Structure formats: C-alpha cells, structure tokens
Amino acid sequence: SAALAASAWKGMDAITRAREISDDNLKRTLRLQAVMTQLETDLAQVTDTQIVKGLQFDGANLLMTRRTGAGVRVVVWSVRDGRLQRWASADTTQVGALQNHWRTAGQLQGREPGTLVALRGVLQWQVYCFRGGAVTNCQSSGDVVKSGAPSGAVAAREQLPTAVRVQVGLSEGSGFSGLLTRDLMLAPQPGQN
C-alpha cells in the first residue's frame, strides 16, 4: 500500500511538472507572438510625412514614423544588452514636435521613460527592405525619388519599402533558440506603386 502511494505520488509529480513546462512554453510562445504582432502593427501604420523619414534602420535601431488616431508618433525598436526594446514618442500633429521626437529617437540610450522590454534573450537582429521587387539591406541608399517641395524646388528623399524582412537571433534566455524570420508589409503610401 505504501509502495502504491509512493508510485501514485511520483506519477502526480511528473504530471504537475509536465503541466508547468507546458504552461511556460505556452507563455513564451504567446509573448513572442505578441511582440511580433506589435511590430507588425507599427509597420502597418508607417507613414511618409515628408517632414521626417518614415522608416530608417541603422544596424541597431529601427526608427519609424507611424500614424495614430491622434496624429503621428515616432517608434523605435532596438536590441540592447540582449533585449529587444520598444520606445514610442507622444502623439503629435505639430511639425516641430515631430522633428524633435525624431531627433530624440536617434539618440536613445535604452533607459528613457516609455521604453519597454519586449523580449529577452535576443542575440542579434537585422532588417531588410523590399524595394522594386528585390530584398536589400535597409542601410543601403534605397530608392531615392524626387518630389516637388512647396517652394517649387525639387527635393530628393528615400522612398519607403513595400515590406521589410526582420530576422531576430534568439538564445536560450528567450525560451527559444535559432533565427526567427518574418516578412511584414508596410501600408501603401500615396503616389507609391
């Protein structure tokens, strides 16, 4: 009877541990899915304001200007110390405030108010741009188009890609290991084919 009780206890303990492992795996998977959904949502709302860039990747930081219900905001995704982080400015409809947000976004240290750690255990990341039917490094010169400025002058600016490919190298600290690759569409821009 004691041996039977001990066997039953070990069986229950194994079931409990298996459930905990399963729950942990589910939580990690849901977290990763939520992070990728937020990144996809940000990219789907990227807009070319012609005041600041709509999208820029400098090898460490992905800066974007995105539409919101109250105007536009600047969002930065970056990898620092093994953490994928997201920072967002306040919404604005003012040109000067948007320019200030963009300047601030280019100088982030990763500890500013509003910075959220989206995912831990990130080894590296890379962003590629889909332009003109080809995938290129977003740090290349991109497609430069000429547009008429209000004064009648012609200004050169970089055309937004139609989509981006995000590759995130994950370590055991994230609950995963390997390379995650996602292709994410940007919103169509006026005048862009």
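Visitor: What percentage of the residues of the chain count as buried?

Guide: This is a predicted model. Of the chain's 193 residues, 35% count as buried. The accessible surface of the chain is about 11,100 Å², with 53% of that belonging to carbon and sulfur atoms.

Visitor: Which elements make up the chain, and in what pattern?

Guide: The chain has two helices and eleven strands. Along the sequence they follow α-β-β-β-β-α-β-β-β-β-β-β-β. Among contacts between residues at least 6 apart in sequence, 54% join residues at least 24 apart.

Visitor: Why is Q85 called buried?

Guide: Buried means under 20% relative accessible area. Q85 has 2%, so Q85 is buried. Q85 lies in strand β4, residues 83-88.

Visitor: What does Q85 touch, leaving aside residues up to four places away in sequence?

Guide: Q85 touches V76, W77, S78, R80, G110, T115, L116, V117 and A118.

Visitor: What makes the pairing of the Q85 and R83 side chains a polar contact?

Guide: The cut-off for a pair of N or O atoms is 3.5 Å. The side chains of Q85 and R83 make their contact at 3.2 Å, so the distance passes. A polar atom of the Q85 side chain also lies 3.4 Å from the backbone oxygen of G110.

Visitor: How do you know that C129 and C138 form a disulfide?

Guide: Two cysteine sulfur atoms must be within 2.5 Å. Those of C129 and C138 are 2.0 Å apart, so the pair counts as a disulfide. A search of the whole structure finds one disulfide. Both C129 and C138 are buried.

Visitor: Why is the disulfide of C129 and C138 called right-handed?

Guide: The torsion about the S-S bond is about 110°, so the disulfide is right-handed.

Visitor: How many salt bridges does a search of the whole structure find?

Guide: The search finds five. Side chains of opposite charge can pair when their charged atoms come close.

Visitor: What makes R66 and D42 a salt bridge?

Guide: The limit between the side-chain nitrogen and the carboxyl oxygen is 4 Å. The closest N and O atoms of R66 and D42 are 2.6 Å apart, so the pair qualifies. The pair links distant parts of the chain, with R66 in strand β2 (residues 61-68) and D42 in helix α1 (residues 2-44), 24 residues apart. Both R66 and D42 are buried.

Visitor: Where in the chain are R73 and D91, the partners of another salt bridge?

Guide: R73 is in strand β3 (residues 71-80), and D91 is in the loop between β4 and α2 (95-105), 18 residues apart. Their side chains meet at 2.7 Å, N to O.

Visitor: What is the distance between the closest N and O atoms of R165 and D183?

Guide: They are 2.7 Å apart, within the 4 Å limit, so R165 and D183 form a salt bridge. R165 is in strand β10 (residues 163-170) and D183 in strand β11 (residues 178-185), 18 residues apart. R165 is partly exposed at 24%, and D183 is partly exposed at 43%.

Visitor: Which residues do salt bridges with shared partners join into one network?

Guide: They join D42, R66 and R86.

Note on methods:
Residues numbered from 1 in each chain as written. Predicted model: local features only at pLDDT ≥ 70, side-chain atom pairs only at ≥ 80, totals over all residues. Heavy atoms only, no water. Helix = DSSP H or I, 4+ residues; strand = E, 2+ residues; numbered from the N terminus. Buried < 20%, exposed > 50% of the residue type's maximum accessible area, 1.4 Å probe, protein only. Contact = heavy atoms within 4.5 Å. Areas by Shrake-Rupley, 256 points an atom, 1.4 Å probe, with all protein chains shown as cover. Polar contact = N/O pair within 3.5 Å; in protein donor to acceptor, adjacent residues only side chain to side chain.
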